[in-house]
Amino acid sequence: MGSVPLEFEGFCHESYVPLIRTLTLYCGDPEVARDLAQEALARTYASWRRVRQMAYPRLWLNRVAINLANSRFRRLKAERRALEVERTRSGRFHVDPDPATAVAVRRALATLSPRQRAAVILRFFDDLSVEQTAELMNCGPGTVKKLTKRALDGLRDQLGSGFRVEVSDGT
Amino acid sequence: MAPNLRELLEAGAGDPHDLPDIEAIWNRTRRIVWRRRVAATLVVAAVVVAAALSFRALPTLVDREPRPADDLNPRSADTLRQGQLEPGAYVADAFEHPFSFRTSTDSWSASVLEPTWVGLIRRANYLHVQVWDGVFDPKSRTARPADLEPLPTDLIGWLEDHPRLDATDPVPVQIGGVSGFRIDARVTEPLPTSPPECGGLPCVVLGRVAGEGELVDVEVGQIACFVVLDVPGGRILINYRAPVERFERFSTSAERLLATFEFEAS
């Protein structure tokens with residue numbers, strides 16, 4: 001393995017920010033999300049020959065990232081690194097345009113179980129279909145629908161019922 | 001107007017504005033690749049060590065006595081009971097001519113366990129192992145006790161010549177160490193009046209199970225397979241049937257099961 005090929009570099013540029021945003025919602029911390037995103041991209045690069053032939057490499061990257069976020073060991077490591085980065089870095093890379101809503105949404109998501117959280121983020125933020133979400137979460141479409149429904153109930157409890165849910169395909 | 005969930009999630013995700021650190025990703029990748037190589041080397045080393053140890057232990061393994069579970073010895077099999085059968089070996093010792101068999105899936109169930117009749121069922125299709133004590137007069141238009149005749153010596157020939165059946169030529173078979181003949185048949189001319197045993201469906205009644213009084217019939221639209229085995233002290237009739245469109249599939253499963261049969265007296 002020599003230098004990073006342009007193809008992978010392009011993939012990194014294209015998927016880095018969306019991945020951080022997904023992981024920020026999933027983990028609740030942008031710095032931890034940043035570290036996990038880098039690790040997920042590194043793992044993707046380690047298997048790039050296989051991943052580049054997949055129909056949706058982004059789906060694979062998301063799966064790796066969610067699995068990393070679910071790993072307690074990896075998460076603690078990422079939190080440690082994130083603390084170091086925050087101590088040493090002068091400027092901030094993450095901006096919340098609406099801090100109050102951002103904090104409320106992340107708090108509400110944190111009350112959900114990891115699988116409910118993954119289901120609602122993948123469906124309504126990453127715009128994956130029920131089938132794609134099921135494939136990524138390694139479960140059936142019915143389970144995704146159930147998890148999504150419970151997640152929405154949980155979010156309504158936390159955020160109040162005043163939000164609309166719009167999806168391209170039925171849940 | 002209430003906000004969209006998507007807008008809320010967008011707010012929660014924030015707005016990161018950095019670029020991926022390709023150098024850092026590359027460094028992490030190197031560590032991952034290195035870890036994978038170490039793991040692969042360790043696995044290869046473990047396999048080599050395990051192979052070496054097994055090779056040293058080989059004479060012991062070869063010389064060891066076969067355990068009861070290694071073969072289909074009826075003594076190591078469970079006694080057949082009614083209900084779903086887990087994969088394993090079973091012995092039908094309540095049957096007049098005890099036999100054992102083995103299932104590799106849980107798709108078979110035992111429905112009847114009598115001295116003259118063992119009924120096994122797989123997805124609503126039956127396989128019967130029976131002892132008959134009589135057959136019904138093929139020329140009769142009914143299936144009343146008065147139409148019952150003694151069991152013919154050549155039961156396969158009797159089935160082959162039955163006027164209401166279209167039967168294949170008998171084929172010699174060996175099941176569970178016992179030789180016999182197999183014939184497949186379907187109804188060409190059902191009885192004018194369907195007896196209650198056929199549940200109102202047009203059928204032909206062929207024989208009666210010894211001691212049970214149960215009548216054995218074949219319905220129109222079914223293919224029935226009959227295997228007659230002569231065992232010391234009696235005659236066993238194995239029969240299974242299924243609707244024409246399902247017969248081939250069921251026959252494959254039934255033959256697979258019959259291939260594991262072992263009659264104790266054989």
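**Where the two chains meet**

Start with one pair: A:H94 has B:P16 as its bridge partner, and B:P16 sits in β1(B). A word of caution before going on: this is a predicted model.

Now widen the view. Strand β1 of chain A covers residues 94-95. Two bridges join it to β1(B), and the strands run antiparallel.

How many residues of chain B are in contact with chain A? The count is 26, and they meet 39 residues of chain A. On the chain B side, three elements each supply at least two residues: α1 (5-13), β1 (15-16) and α2 (22-63). Which of them gives the most? That is α2(B), with eight residues. By type, this side of chain B divides into 16 nonpolar, five polar and five charged residues.

Next, chain B as a whole. It has four helices and 18 strands. The chain counts 266 residues, and 32% of them are buried. Take the contacts in chain B with a separation of 6 or more: 47% of these link residues 24 or more positions apart.

On to the cores. The largest nonpolar core has 58 residues. Three residues have the most contacts inside it: B:Y90, B:F226 and B:L229. Strand β16 of chain B, residues 222-231, gives this core its largest share, eight residues. Look at B:L229 in detail. Leaving out residues up to four places away in sequence, B:L229 touches B:I175, B:V178, B:G180, B:I236 and B:I238. Another core lies apart from the largest one. This other core has 52 residues, including A:V105, A:L109, A:A118 and A:L147.

First, A:E135. You'll find A:E135 in helix α8 of chain A, residues 130-137. Why is A:E135 classed as partly exposed? Because 16 other C-beta atoms lie within 10 Å, and that falls between the cut-offs of 12 or fewer for exposed and 20 or more for buried. A:E135 and A:L59 are 76 residues apart in sequence, yet 9.0 Å apart in space, C-alpha to C-alpha.

Then B:P145. Its place is the loop between β9 (132-136) and β10 (148-149) of chain B. Buried or exposed? B:P145 is exposed, because it has 9 other C-beta atoms within 10 Å. Along the chain, B:P145 and B:R208 are 63 residues apart, while their C-alpha atoms are separated by 9.7 Å.

Note on methods. Residues numbered from 1 in each chain as written. Chains lettered and ligands numbered in written order. Predicted model: local features only at pLDDT ≥ 70, side-chain atom pairs only at ≥ 80, totals over all residues. Contact = placed C-beta atoms within 7 Å. Nonpolar A, V, L, I, M, F, W, Y, C, P; charged D, E, K, R; others polar. Pairing = 2+ DSSP bridges. Core = buried A, V, L, I, M, F, W, Y, C linked by C-beta atoms within 7 Å.
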